[in-house]
Amino acid sequence: MKVLLLANYQPDAIQSMDLFASMLEIYLTKLGHKVRVIRPKPWFGTMFKSSPKVLIKWFGYIDKLILPLQFSQTLSWADVVHICDHGNAIYTKYLQNTPHVVTCHDLLAVRCGLGEFPGYQTGWTGKLLQKMMIRGLNKAQKVACVSKQTKSDLIRLSSLHENDITVISVGLNYLYKPMAQADAKQRLAALGIPLDCRFILHVGANHWYKNRLGVLSIFQALMCKLQQPFYLVMAGKPMTDEMYQFIKTHNLAEKVIELVEVDNENLRSLYSAATALLFPSLQEGFGWPIIEAQACGCPVITSNRQPMNDVGGEAAIYIEPDNPQSAAEKIICHLDTLETLKSKGFINSQRFTAEKMIDEYVELYQQAIDEKFGNPAV
């Protein structure tokens, strides 16, 4: 099968979406499929690098809108086109005669634009782009959602028929597994983590729904209730000024360790050594860190909300992410049982292998091809 992957505009630097497209390319190729990757070329976006950020953003929009001029010849090569990120669903109008699939990771931006999250506003340009994206999704032949929650949102917010929407969970994007204790200690020491300390880990960026200030609030509540010495390791994007101020106000500077842009092997060492992963997101499309941690033998504490409680299965502790006091109390009640979650986590993480994900996409590709050119599904 010849698969054309339509990936993201690289200057946008959306790491998770770049990882997803890379996974598809690597694993489809391993199975013997022919794969090409196309993405909007950053012509205007790089020609005017010294321009104000607002103008660079608009130049980026122009680069994205002229993509159809670049892929017209490639379409004739492909058996099927896979738009790897729903943000690029605006291109489905050019694919009406071509078998195609769109992956929808979440509709949080759309829901923000509709006012479903009071306090989180979307500008007029953002609302315009979201409307364009929904129109594109409405024209999609097949849409794969990464979770049941995302599928539910898509059914509610689009005009797509439910038969054209399926759920294909994302797989692990790296060979996450427990790291040998000696190797993990060596890496942790290089990262500046005190020897043999107990620490709670959080992995994430600074999007509002990641609730990183909530992570600090839960940790602070824990420290008030516990006599045991714990550290909090915040891995991912640099913390915000508001987060630094919270740490200062609550005298947590000696207890919070910030690690920025941690690579996969160092992240594996963190998962392998952490007492638990604390992942109290308010919303998610899926929640990769949950299964990454479980695959490394790290107990998971996450939100009692979809899709986190679906992804974590019976192998996680569930808390209310917006109630730090009750979350801390529940964590304390389960501290002595964290060890029992390790084997359950290993088993649960196997539901989300890259191989399983790819097999399901290949089946969906074939459905799209059959519907366009023969043997349509009844």
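Two residues are in contact, or touch, when heavy atoms lie within 4.5 Å of each other.

**Ground rules.** I'm working with a predicted model, where local features need pLDDT of at least 70, side-chain atom pairs count only at pLDDT 80 or more, and totals for chains, interfaces and linings use all residues. Residues are numbered from 1 along each chain as its sequence is written, and side-chain values use heavy atoms, with hydrogens and water left out.

**Proline 299.** I looked up its contacts, skipping residues up to four places away in sequence, and found Thr275, Ala276, Leu277, Leu338, Leu341 and Lys342. Proline 299 sits in the loop between α12 (288-295) and β11 (300-303). Helices (H or I, at least four residues) and strands (E, at least two) are DSSP runs, numbered from the N terminus. Buried or exposed? Proline 299 is buried, at 1% relative accessibility (buried is under 20% relative accessible area, exposed over 50%, partly exposed in between, with a 1.4 Å probe and protein chains only).

**Arginine 268.** I found this one in helix α11 (residues 264-273). Arginine 268 is buried too, with a relative accessible area of 11%. Leaving out residues up to four places away in sequence, arginine 268 touches Leu175, Tyr176, Lys177, Pro178, Met179 and Cys296.

**Helix α11 and its partner α8.** Which residues meet here? From α8 I noted Ala184, Arg187, Leu188 and Leu191, and from α11 Glu265, Asn266, Ser269, Leu270 and Ala273. I sorted the residues of this contact into five nonpolar, two polar and two charged (nonpolar: Ala, Val, Leu, Ile, Met, Phe, Trp, Tyr, Cys and Pro; charged: Asp, Glu, Lys and Arg; polar: the others, Gly among them).
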